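Hi everyone, thanks for making time today. Let me put the structure up, and then we can walk through two parts of it together.

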Amino acid sequence: DFVVLDRPNPIGGARVEGGEIHQGFHSFVGLRSVPNRHGLTACEIATWAAQEEKLDVNLSCVTMQGWQREMSFRDTGLPWVLPSPNMPTQETALVYPGMCLLEGTGISEGRGHTRPFEVSGAPYVDGDALAALLAEQELPGVTFRPMTFTPTFDKFAGIACDGIQQHITNADTYLPYKTGVAIVWAVQKLWPKSFSWRRDAYEFVDDIPAFDLLAGSAQLREGIDAGADLESLARTWADEEARFVQERESWLLYR
């Protein structure tokens, strides 16, 4: 017997964002193909895993009462208990599906700062220029503030980094995955000679770039290097995202 006590998805369950993990790109950070923002609860993930992996298990799900798919965590009225030192707030969780991509680059994702993943930058970045280019993309539900921060650990520890902080203006329309891609795209576009992809081993894999493991394939990284515009990059995961929305219907426990 295996019993799962369900709990809210901390960034809501209505929206899905991101593409599939392609063959050859599975890893510790992506053992099964699922978008970065899947919108599933713990019990729904358990149901999916049991079916997809044909697990020999007697699964029981204790479902929630009162939760609806479109709820943010704040809507639940529950206290936020940080699941990680680098996930201190509800806003951190909301930006994470896209900002985790920065772990596969030489850009600081804000580890070592009090607002990890909400802030990002590097010593070679001009925060004003970065914020201006991102504003031109008219990304929904977010604004960008130029800022300077000094990480206390991880990338550029003790070194001042110029960059931006995201401010979520509308959590319902905000697209974390596209926003994270936009930040990587913008930094590479503005400072191509200084920008770099992470090349050292990442989560026990040393023969595939870390960014590719996080994105699920090489096409996003290759598109950025080739100079594709942001909307063209977004189209690379649109069909896969739509396909997952249909596939997950059979696993949903809340309508």
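So, to start: is Trp-251 buried or exposed? Trp-251 is buried, at a relative accessible area of 5%; here buried means under 20%, exposed over 50% and partly exposed in between, with a 1.4 Å probe and protein chains only.

A quick word on the source: this is a predicted model, where local features need pLDDT of at least 70 and side-chain atom pairs count only at pLDDT 80 or more, while totals for chains, interfaces and linings use all residues. Residues are numbered from 1 along each chain as its sequence is written, and side-chain values use heavy atoms, leaving out hydrogens and water.

Back to our tryptophan. Trp-251 sits in the segment after helix 8 (230-247); helices are DSSP runs of H or I with at least four residues, strands are runs of E with at least two, and both are numbered from the N terminus. Leaving aside residues up to four places away in sequence, Trp-251 touches Leu-40, Glu-44, Trp-48, Gln-51, Glu-52 and Phe-244, where contact means heavy atoms within 4.5 Å.

Now over to helix 4, residues 127-136. Its buried residues are Gly-127, Leu-130, Ala-131, Leu-133 and Leu-134. They lie on the same side of helix 4 because they cover an arc of only 165 degrees around the axis, taken from the directions from the helix axis to the C-beta atoms. On the other side of helix 4, you'll find Asp-128, Ala-135 and Glu-136 exposed. The cover over the buried residues of helix 4 includes strand 4 (142-149), strand 5 (161-168) and helix 5 (176-190).

Finally, what follows helix 4? That is Glu-138, with a positive phi near 55 degrees.
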